[in-house]
Amino acid sequence: MAQGDWYYCLDHHTVEPYEGCRSATRLGPYPTAAEAADAIEKAVQRNEEWENDPRFSDDEDEDDKEPEEGWGPFRH
C-alpha cells in the first residue's frame with residue numbers, strides 16, 4: 001500500500017492523496033489511506049469525548065456561581 005499523506009474529502013466523501021481537493025474541505029493528514037477512511041468515525045468519537053469531558057461542562061449556570069476572588073479587569 002502506498003505511504004504518504006492521505007486525506008478524507010468532506011465534499012466527495014472519499015479518501016484522497018495530497019493532490020486532491022483544497023485543505024479547507026478535508027480532514028487529515030493521515031499516514032495511511034485506511035486511517036483516512038476512518039476519519040469521520042474518529043471525529044465523532046473525539047467530539048463525544050469532548051462533550052462528556054467535565055473540564056468543558058456548561059451545565060453550571062453562571063448566575064449561580066460564586067464570584068472568584070482576586071483582581072480582574074471586569075470584576076466589581
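Biologist: How many salt bridges does a search of the whole structure find?

Modeller: This is a predicted model, in which local features need pLDDT of at least 70, side-chain atom pairs count only at pLDDT 80 or more, and totals for chains, interfaces and linings use all residues. Residues are numbered from 1 along each chain as its sequence is written, and side-chain values use heavy atoms, with hydrogens and water left out. A salt bridge is taken as a side-chain nitrogen of Lys or Arg within 4 Å of a carboxyl oxygen of Asp or Glu. On that basis, the number of salt bridges found in the whole structure is two.

Biologist: Which parts does the salt bridge of Glu 16 and Arg 26 tie together, and how many residues apart are they in sequence?

Modeller: The side chains of Glu 16 and Arg 26 meet at 3.3 Å, N to O. Both Glu 16 and Arg 26 are buried, a class that means under 20% relative accessible area, with exposed over 50% and partly exposed in between (1.4 Å probe, protein chains only). Strands (E, at least two residues) and helices (H or I, at least four) are DSSP runs numbered from the N terminus. Because Glu 16 lies in strand 2 and Arg 26 in strand 3, the pair ties together parts whose separation in sequence is 10 residues.

Biologist: Is Asp 53 buried or exposed?

Modeller: Asp 53 forms a salt bridge with Arg 55 (2.6 Å, N to O). Arg 55 is exposed, because its relative accessible area is 67%. Asp 53, however, has 16% relative accessibility and therefore counts as buried.

Biologist: Over the ring of which residue does the charged end of Arg 26 sit?

Modeller: The criterion requires NZ of Lys or CZ of Arg within 6 Å of the ring centre and within 35 degrees of the ring normal. The charged end of Arg 26 is 3.8 Å from the centre of the ring in question, which belongs to Tyr 7.

Biologist: What is the angle between the planes of the aromatic pair that Tyr 7 and Tyr 18 form?

Modeller: The structure holds one aromatic pair. Rings of Phe, Tyr and Trp (its six-membered ring) pair if their centres lie within 6.5 Å, and planes under 30 degrees apart count as stacked, over 60 as edge-to-face and the rest as tilted. The rings of Tyr 7 and Tyr 18 are 6.4 Å apart, centre to centre, and form a tilted pair, the angle between their planes being 55°.

Biologist: Why does this pair tie together separate parts of the sequence?

Modeller: Tyr 7 is buried, with a relative accessible area of 9%, whereas Tyr 18 is exposed at 54%. Tyr 7 lies in strand 1 and Tyr 18 in the loop between strand 2 and strand 3, so the parts joined are apart in sequence by 11 residues.

Biologist: Which residue in the hairpin of strand 1 and strand 2 takes a positive phi?

Modeller: Strand 1 (residues 6–9) and strand 2 (residues 14–17) pair in the antiparallel sense over four bridges; pairing requires at least two bridges found by DSSP. Four residues lie between the strands. Most residues other than glycine have a negative phi, and most peptide bonds are trans. The residue with a positive phi, near 55°, is His 13.

Biologist: Which residue does a cis peptide bond join to Gly 28?

Modeller: Omega of this bond is about 15°.
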